[in-house]
Structure formats: structure tokens, C-alpha cells
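Here are some notes for a colleague who is opening this structure for the first time. Please keep the sequence and the model side by side while reading.

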Amino acid sequence: MTRTTPRTVRLRAAGVSLVVELCAPVPRILHWGEDLGELTDEDCAALGLTADGAALINALDAPRQFTVWPTEADGWSGTPAHQGHLAGTATAPKPHLVGAEERDGELVIRLAEDTAGLDLTLSYRLDPSGLLAVRTEVARRTDAADPAPYDLSGVTTLLPLPRRAEEILDFTGKWCRERSPQRRPLGHGSHVRELRRGRTGQDSPYLLTVGVPGFGFRRGEVWGLHIGWSGNQRWLAEQLPEGAGVHASVLGGGELLAPGEIRLAPGESYTSPLCWFGWSDAGLDGLADRFHTLLRARPTHPSTPRPLTLNSWEAVYFDHRPERLLALADAAADIGVERFVLDDGWFTGRRDDTAGLGDWTVDRTRWPDGLTPLADRVHAHGMEFGLWVEPEMVNPDSDLARAHPEWILAPTAGLGPASRHQYPLDIAHPDAWKYLLESLDAIVTEYSVDYLKWDYNRDLHEAVRRTADGRDQPGVHARTEALYRLLDALRSRHPALEIESCSSGGARIDLGVLGRTDRVWASDCNDPVERQAIQRWTGQLLPPELIGSHVGETRSHTTGRLTDSSFRLLTALFAHAGIERDVTDCPPAERAVLREWAALYKELRPLLHTGRVVRADLSGDAALLHGVVAQDASAALYCWARLVTSPEGQSGRIALPGLDRTRRYRVRIRTEAGLPSFREGLGPAWVTAALEGWVALPGSVLSGAGVPMPALDPGQALLIEVRQG
């Protein structure tokens with residue numbers, strides 16, 4: 001019997017390939033992962049022939065297939081690609097292929113679902129980074145037989161995984177402990193993470209990764225997913241006993257929709273968030289490098305050197321005396337700060353966090369001349385001027401809440417519990433949206449604001465919009481889209497304005513909001529012991545130049561821990577660095593160290609903000625070795641950090657990852673931030689020499705055999721510079 005071979009589409013980029021067979025009734029994915037090379041039609045036919053497994057006993061009479069839109073119509077018993085109904089009917093979708101086209105690395109597949117009158121469009125775009133971007137549109141036909149709205153309850157993008165993908169890594173967290181990794185085996189059933197916080201969340205899975213057992217930063221094959229969306233989300237890794245066609249399991253996700261949130265009348269449509277899928281045979285560093293490459297290639301990626309920032313929050317809190325802030329700006333300029341940010345407390349009625357949110361005008365009782373004296377002083381020093389705002393929230397004790405209680409995102413039955421004395425605004429309300437745009441535009445224009453620290457300090461509960469006729473509607477989807485429109489509109493009016501995504505620290509970090517902002521605040525915790533871990537894992541998705549990290553006081557205001565200056569300075573160095581303390585009271589010697597560190601940051605940021613992030617696989621987390629290596633491997637910077645003690649007295653030989661083993665290098669220890677506290681009688685010979693100047697060491701030793709690291713006390717770090725030659 002001759003087998004008719006359907007047309008096959010192959011997408012290839014950066015060592016990755018996606019192969020899709022355009023078979024009827026629904027196309028299927030033959031391969032996603034390692035590049036299979038320049039496949040011929042004969043090769044594709046062979047791939048299709050081997051894509052059918054066995055027809056099992058007490059199962060479907062034909063081999064199961066995993067399609068691009070898996071549903072029960074395929075015999076799929078796992079999470080379906082979409083779910084919905086027409087007033088309780090049309091609950092068993094039966095899509096079929098109506099067309100497909102491939103152009104410039106993008107495959108667009110069009111399906112029709114006639115029972116509910118739906119047109120389904122799937123877009124697969126393989127980016128030059130090797131990341132696969134997938135988006136889905138569900139459209140209700142204008143000529144649908146049933147005019148009732150179609151209640152869409154879920155759209156999930158799914159890709160297959162092979163049998164060897166057996167271990168899951170994702171993240172959890174809380175305030176001041178964001179992106180804490182957790183691992184587990186991928187067993188039978190569904191590993192599902194649902195986020196119902198109305199924002200990405202401090203406990204976001206962030207980058208759901210499945211890999212071969214024991215994968216690490218520098219080893220193992222991994223498959224990952226990031227959902228580029230700032231509202232509610234659903235992530236999953238799922239394995240059924242019967243597999244997923246010839247594959248073993250699936251990886252997928254999408255927006256988590258509330259009941260009734262998306263109701264499609266004829267002519268209306270829903271577009272899913274962009275889901276980013278990545279594959280790497282070089283461990284987590286390889287996967288991270290793909291995301292960093294993607295972000296750095298964006299037209300909107302910051303193109304100027306990332307300015308050294310001073311943020312006023314931990315320096316003055318709500319003590320907004322103009323003379324104190326002017327002195328702080330002068331001291332910041334003396335150190336070498338390039339951006340001065342005035343944090344919470346400048347607007348009408350704001351004396352603490354119980355009042356004022358929503359009233360975005362300058363408090364003239366504190367600032368009788370407005371912010372002009374401070375903004376002018378900052379600009380006169382050659383620094384950028386930034387402001388803290390939290391436009392999406394409102395205090396009940398505010399003129400805005402008193403004038404427009406209907407703008408609060410809450411049920412008609414009344415407000416639920418407050419969080420940080422505030423409630424969310426329904427920014428999808430046209431009048432509320434316009435008020436925020438005009439208020440922010442006026443402030444940015446009047447004071448020539450260069451930068452907004454855009455905060456968002458609570459989860460959304462009972463996030464429903466109140467209609468004119470007194471009914472409640474789910475509101476997270478609408479307000480997330482309204483946020484994107486608000487950011488886009490403000491940036492359109494002020495193209496040079498930069499915006500930071502801050503949300504109780506690092507609770508809104510995703511590629512949806514990053515498409516409209518210029519950096520994130522990784523955490524409210526500046527304690528370097530905590531920050532080393534937070535930044536280590538935030539960097540799994542974002543390159544260093546997008547991650548804000550500031551040097552705080554000796555005693556951390558979030559943990560109470562005392563840490564040495566050098567450790568705090570080196571921790572902040574490997575990000576978009578800044579200062580979060582009152583530098584007016586620094587002794588002369590400490591201010592001199594800050595000046596040296598500021599100059600060091602400016603010297604090294606061209607490498608730190610363009611190179612490849614590398615992280616060594618060490619036994620345990622007592623010590624960390626991470627760094628940034630130039631794209632051509634001609635230079636590198638490494639941080640050797642000791643967080644806590646360990647039973648081992650010696651580190652043994654540790655390879656500096658990312659260097660070219662065939663090249664000759666020079667190594668030295670940079671001491672501008674100060675030296676760590678050593679716990680040794682005599683250090684390794686190469687370290688002793690590198691403290692005095694350059695030491696010649698070949699790549700075969702540095703990155704091959706490895707070098708012994710010095711024994712440091714807990715809470716200490718050492719900066720190692722490597723240059724070719």
C-alpha cells in the first residue's frame with residue numbers, strides 16, 4: 001500500500017528546527033529541538049513514517065497522533081488546545097485544516113471549527129535566536145449559525161517533548177525572595193501552575209524547563225517555556241501513560257481565563273499571549289543565552305550605556321524635605337551617579353502609604369515650588385531625573401477615590417480587604433485610562449522626567465469590572481491590555497522616556513511588559529546574600545543590563561543582615577547598578593570607595609551588558625561562580641562568592657566557564673570595590689600573583705583543568721578579570 005506523503009514545513013535557526021507535517025484533518029508536529037539539518041523531501045517522508053507509534057490494546061484503533069491543536073477529536077486525553085461552549089453546547093471541537101503558508105521563518109496554519117463557527121489561526125515563528133514564538137487567534141465567524149456568544153474558557157499552546165525529558169525546573173518565591181528554584185521528576189499526570197494574582201507574581205514559574213535528568217547550567221539538554229503576559233497565566237508539563245503521539249509528554253501554557261472573561265460574539269476574536277519555547281543542548285546557560293540574544297536584538301532594547309542610578313527610597317523613605325533631597329542629589333553627583341530617582345512621597349497627600357495614591361500632582365505643602373528646583377539641580381549635574389509612580393493603584397484616602405469610586409476594580413457588592421492600604425484601579429475604564437495618561441504626561445512634560453519607576457504593589461483579588469447596569473465582569477484580561485496601551489501611549493508621547501517595571505520588587509517580570517519597559521526591579525531585597533540567588537535566576541531570562549540592582553546600607557532594611565561593602569558592591573556590579581542609601585552621611589573613606597566603584601562600573605559595563613552570562617555547576621549553593629564572557633571570548637569578568645560555610649576546606653580546581661581553551665589569557669583581581677575577608681593562611685599562588693597584577697594563564701588551564709579558588713569567609717566575593725593576550 002502506497003502512503004501519500006503530506007507537505008512538510010521545516011523552520012531552522014541557530015541550531016534549532018521545527019518540522020510540521022500539514023496533514024489532514026489537523027497538522028502534526030514531527031520534531032522540535034535539535035537542528036536535523038537540511039532535510040530533503042525524502043528525509044521528511046521518513047520522519048513522517050516514523051512519527052506513528054503502535055496502536056495499543058484497549059485504545060484507539062489507529063496510532064495516536066499529537067497535532068498542533070490537540071483535542072478529543074484526535075483521541076487526546078490530555079489538556080486540550082482550547083475549551084469553550086455555546087450556552088452549554090458545542091463542547092467537542094473538531095477543527096480541520098483550511099490552509100497554511102510559510103514565509104521568512106514563520107509558519108501560519110489556519111483551521112476551521114464549524115460546530116461553533118470558529119476560525120483558528122496558529123503562528124509559529126522561529127526567531128534568529130533559536131526561540132520559537134507561538135501565538136493563537138480564535139475568531140468567531142460573522143456568519144456563525146448560532147448568534148449566541150461563544151464562551152472561551154481556555155487556549156493552551158502545546159509542544160511535544162521526548163522521553164529523555166524527565167526532570168522539571170520551575171520557580172516559586174515571595175516578597176524579597178523571588179525566583180526560588182524547585183525541581184521534581186516529570187511523572188505521569190499534569191504538573192500545572194496557575195497564577196491568579198492579576199500580575200506575573202513573585203511565585204511565577206518564570207521559565208518552566210524540562211530536561212534530561214541532572215541538567216545544570218553548563219550541561220544537559222533542556223526545553224523551556226516562557227509566557228509573555230502580565231496577567232493571569234497557566235503553565236503545564238504533562239505526561240500521559242499513552243504518550244503524546246510518538247512523543248512522551250508535552251510542555252505548554254497560556255492565559256488563565258476567568259469564567260465569562262472572553263465571550264466571542266460573531267465577528268469578535270481573541271488573541272493569546274505570545275508563548276516562547278526554547279531548546280538547548282548546552283544546559284541552562286544555553287537556554288538563557290537564547291533569551292538574552294532575543295532581547296538584545298529588539299529595536300527597543302536600551303542602546304545607551306546603562307546609567308549608574310541612585311534611588312531615594314532607602315535614603316529618605318517618606319522624608320521629602322527639599323533641602324535633604326537637594327543635598328542627596330549633590331552627593332550622588334559627586335560620587336558619579338548618572339540617574340537620580342525620586343521615590344514614593346512626592347505627590348499630593350502622601351505622608352505614608354495610607355493616602356494619596358491616585359493624586360498625581362506635586363504636593364505643594366512639601367514642594368512649594370514644585371519639583372522644579374530638584375529636577376533642575378539634577379539636570380544641572382548632568383544626571384537624568386526619575387520619578388516613582390504607581391498609576392494602577394489608588395488609596396481610598398485620596399481625592400481620586402472620593403471623586404470616582406466607580407473607577408476602583410471591585411465587585412458591586414463592595415470592596416474586599418485592602419493590601420498596603422490600596423486597591424487596584426480599573427484602568428480599562430476609558431475615563432480612568434485617559435486620566436492616568438494625561439496626569440503622567442503632564443508630570444513628565446513639566447519636569448523633563450527622563451525615567452519612571454513604575455510600581456504595582458499588590459495582587460488583584462475580586463478583579464471584576466462594574467458595568468453601567470450594575471453587573472460584574474472579570475477584569476484581569478481587559479486591564480492587562482489597558483496597561484500595555486497606557487505604556488505604549490505614554491512612550492509614544494515621550495519616545496526618550498525610560499520606564500522600569502517594578503512590582504513589590506520583582507513580581508512583574510515577563511516579556512509582555514518588557515516589550516514596553518527598559519529594565520526591571522528584581523527584588524526589594526538589597527541584601528547581597530539574597531540578591532546573589534535572586535539575580536542568578538532572574539538572569540535565566542533577562543540579560544544583566546535589564547536587571548536593576550542597588551547597593552544598600554550595611555544593615556539590610558529587609559533582612560536585618562550586616563554585610564561588608566565589597567560584597568554589596570560586587571553583587572550590584574553584575575547588573576544595571578545603582579545605589580539605595582543616604583550617601584550624604586558616608587564618611588570620606590567610604591565615599592571614595594563608592595567613587596572608585598562607580599568608575600569601575602562605567603569601565604566594565606560595555607562587557608557586562610553585551611557578553612554571555614555563564615554560571616558554573618558547583619556542588620551545592622554555599623559558593624557561587626558566575627560571570628560574563630565577551631561574545632568573541634576575548635575577555636571575561638567573574639564573581640567568586642561565598643554565601644555560607646561548607647564542610648569542604650578547599651574548592652578544588654574550578655573551571656572558569658565560557659573561555660576558549662585554545663587561547664592565551666591574562667588574569668588579575670580587581671580591588672576597587674575592596675578586598676574580601678579571606679579564611680586561609682596563604683592563598684592559591686595564582687591569586688596572590690593576580691592581586692599584584694596580570695598573570696598569564698592559558699585557556700586550557702582556566703576553562704579546562706580549572707584553578708583553585710581562595711577560601712573566603714561567608715558573605716564575601718572576589719572580582720576576577722580575564723583578558724586575551
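In which sense do strand E23 and E26 pair, and over how many bridges? They pair in the parallel sense, over four bridges, and the points below start from there.

1. Basis of the notes. This is a predicted model, in which local features need pLDDT of at least 70 and side-chain atom pairs count only at pLDDT 80 or more, while totals for chains, interfaces and linings use all residues. Residues are numbered from 1 along each chain as its sequence is written, and side-chain values use heavy atoms, with hydrogens and water left out. Helices (H or I, at least four residues) and strands (E, at least two) are DSSP runs, numbered from the N terminus, and two strands count as paired if DSSP finds at least two bridges between them.

2. The barrel. Eight strands close into a barrel with parallel pairing, in the order E21-E22-E23-E26-E29-E30-E31-E32. Neighbouring strands of this sheet are turned by 30° against each other on average, direction ignored; here axes are lines fitted to C-alpha atoms, for helices over the stretch in contact, and angles run from 0 to 180 degrees between N-to-C directions.

3. Strand E26. This strand, residues 451-454, is covered on both faces, with Tyr-451 and Lys-453 buried on one side and Leu-452 and Trp-454 buried on the other (buried means under 20% relative accessible area, with a 1.4 Å probe and protein chains only). In a regular strand the side chains alternate between the two faces of the sheet. Leu-452 of E26 stands opposite Leu-387, whereas on the pairing with strand E29 (residues 498-501), also parallel and over four bridges, Lys-453 has Glu-500 as its bridge partner and Trp-454 stands opposite Ser-501.

4. Helices H4 and H5. The axes of helix H4 (residues 322-335) and helix H5 (residues 372-380) come within 10 Å and cross at roughly 5°, which means that H4 is roughly parallel to H5 (the term covers angles under 35 degrees). Their contact (heavy atoms within 4.5 Å) is made by Leu-325, Leu-326, Ala-329 and Asp-330 of H4 together with Pro-373, Leu-374, Arg-377 and Val-378 of H5. These residues divide into six nonpolar, no polar and two charged, where Ala, Val, Leu, Ile, Met, Phe, Trp, Tyr, Cys and Pro count as nonpolar, Asp, Glu, Lys and Arg as charged, and the others, Gly among them, as polar.

5. The buried face of H5. Leu-374, Ala-375 and Val-378 are the buried residues of H5, and seen down the helix axis they fall within an arc of 95°, so they line one face of the helix (the arc is that of the directions from the helix axis to the C-beta atoms). Their cover includes H4, strand E22 (339-342) and E23. Just after H5, Gly-382 takes a positive phi of about 80°.

6. The open sheet. Four strands, in the order E10-E17-E16-E13, form an open sheet with antiparallel pairing. Strand E10 (157-161) and strand E13 (189-195) are its edge strands, each pairing on one side only. Seven bridges join E13 to strand E16 (residues 233-239), and among the residues of this pairing Arg-193 has Trp-235 of E16 as its bridge partner.

Note on methods:
Buried means under 20% relative accessible area, exposed over 50%, partly exposed in between (1.4 Å probe, protein chains only). Angles under 35 degrees count as roughly parallel, over 145 as roughly antiparallel, 65 to 115 as roughly perpendicular and the rest as oblique.
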